[in-house]
Amino acid sequence: MNPALTSTVGGVNRRISTLVVALVPILIFGILLSVVTVPYVALGPGPTFDTLGEVDGKQVVDIEGTDLHPTSGHLNMTTVSQRDGLTLGQALVFWASGRDQLIPRDLVYPPNKTREEVDEANTQDFRQSENSAEYAALEYLKYPMAVTVESIDEEGPSKGKLQAGDAIDGVNNTPVATLEQFQALLKDTKPGDKVMIDYRRKSAPAGTVEITMGSHPERPQGFLGVNVLDAPWAPFTIDFNLANIGGPSAGLMFSLAVVDKLTTGDLNGGKFVAGTGTITGDGEVGSIGGITHKIVAAREAGATVFLVPADNCAEARTGDAEGIELLKVDTLEHAIDGLRTLSAGGEPPRC
């Protein structure tokens, strides 16, 4: 064989071998990027929803049984996107983007709880925020207080006789106006006793129902099987139609939408307003997580004003809030006052 040819072939083989050796770790790293998962969750700006508008053909805040007033502009609730099960490659992309935040997965999904348990807790928080939003709005609008059924025990004796949202006006022909009075009248009952409950039902006639008291392993007296509380009550229904949203942070914007629809004029002055915040039944606005992501989501959706819970103001100022006004709110009443002040050309509290 030609010595020169032998030398050339040997050189080619060495170069191929060197290339293969160099490519192996690259291929391995590529496989690791696409296969290996990391214990982090990516948080970023999520979708926003106009609480004055519709989703899937339904009003986000649907009020039936009373006259409503026209609204304009926007009152958008905001969310944080959450991505779990990240591969190493995905995590690096999110980290490099500067738009998303990586946090340890244990902060979102504690090791002592399954993902299903965490998701269910978030769903329950969202449902509670709907109730609180309704109560806060009705209290602001000066609707009278009543002993209100919040939920019915699915296995209890009131199932099919009372409904969530009913106002209880009497027990065995004795009027009740407060939770304390209601509990006092049931304290001396025994399992098997029959009680007459006078109630008012939303968008329906008032009525009276006989209920046979059940038993409960943790108490000797009769068990009615309802969860009740003192809350403002109105004869019409308020439903919130957003699915697959968890957590309590939509409460403030839900309350504002209820007030806006039940009063004349526009709370937002026709502006595109967005915001966030938990709310209690008496209208206290609480802090939330992911405020900087929500501000970005709101601005990208077109908002020019953002309602920030007072306790989130310091964090909100660290984010990218260019082109959007940050209004500080600590109660539903103050949020409404701030929006009206802004619409009138005044100076509302700001972060």
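**Entry 1: G246**

I looked up G246 and found it in the loop between β15 and α6. Helices here are DSSP runs of H or I with at least four residues, strands are runs of E with at least two, and both are numbered from the N terminus. The model is predicted, so I note its limits: local features need pLDDT of at least 70, side-chain atom pairs count only at pLDDT 80 or more, and totals for chains, interfaces and linings use all residues. Residues are numbered from 1 along each chain as its sequence is written, and side-chain values use heavy atoms, with hydrogens and water left out.

Is G246 buried, partly exposed or exposed? G246 counts as partly exposed because its relative accessibility is 43%. The cut-offs are under 20% relative accessible area for buried and over 50% for exposed, with partly exposed in between (1.4 Å probe, protein chains only).

I then checked what G246 touches. Leaving aside neighbours within four places in sequence, G246 is in contact with N122 and F126; contact means heavy atoms within 4.5 Å.

**Entry 2: the largest pocket**

I ran into G246 again here. The largest pocket is lined by 34 residues, and V80, Q82, N122, G246 and G247 are the closest to its centre. Its space comes to about 930 Å³.

I wrote down the pocket terms. On a 1 Å grid over the protein atoms alone, a pocket is an open set of points where a 1.4 Å probe fits, with protein on both sides within 12 Å along at least five of seven lines; lining residues have an atom within 4 Å of a point. Grid points are joined across faces, edges and corners, and the volume is the space filled by probe spheres set on the points.

Which elements give two or more residues to this lining? They are β5, α3 (105–108) and α4. The largest share, nine residues, is from α4. By type I list 14 nonpolar, 13 polar and seven charged residues. Nonpolar covers Ala, Val, Leu, Ile, Met, Phe, Trp, Tyr, Cys and Pro; charged covers Asp, Glu, Lys and Arg; the others, Gly among them, are polar.

**Entry 3: the second largest pocket**

This one has a volume of about 500 Å³. I see 22 lining residues, with N131, E134, A164, G165 and I238 nearest the centre. α4 gives the most again, here six residues. At least two residues each come from α4, β7 (145–152) and β15. The lining divides into nine nonpolar, five polar and eight charged residues.

Which domains supply this lining? Domain 1 (41–141 + 236–344) and domain 2 (145–232) each give at least three residues. The bounds come from an automatic or database domain assignment.

**Entry 4: the cores**

I looked for the largest nonpolar core and found 40 residues; V61, L252, F254, L256 and L307 have the most contacts inside it. Such a core is a set of buried Ala, Val, Leu, Ile, Met, Phe, Trp, Tyr and Cys residues joined through side-chain atoms within 4.5 Å. Elements giving it two or more residues include β4 (61–64), β5 (74–83), α4 (115–140), α6 (251–262) and α9 (332–343). The largest share, eight residues, comes from α6.

Not counting residues up to four places away in sequence, L256 touches L75, L267, L307, L332, A335, I336 and L339. Another core, of 19 residues, lies apart from the largest one, and V171, L179, I197 and I211 are among its members.

**Entry 5: positive phi**

Most residues other than glycine have a negative phi. N173 has a positive phi near 70° and sits in the loop between β8 (167–171) and β9 (174–175). N173 counts as exposed because its relative accessibility is 70%. S203 has a positive phi of about 55° and is found in the loop between β10 (194–200) and β11 (207–212). At 48% relative accessibility, S203 is partly exposed.

I also checked a glycine. In α2 (residues 88–97), the buried residues are G89, A91 and F94.

**Entry 6: whole chain**

I count nine helices and 20 strands. Of the 351 residues, 42% are buried. Among contacts with a separation of 6 or more, 70% join residues 24 or more positions apart.
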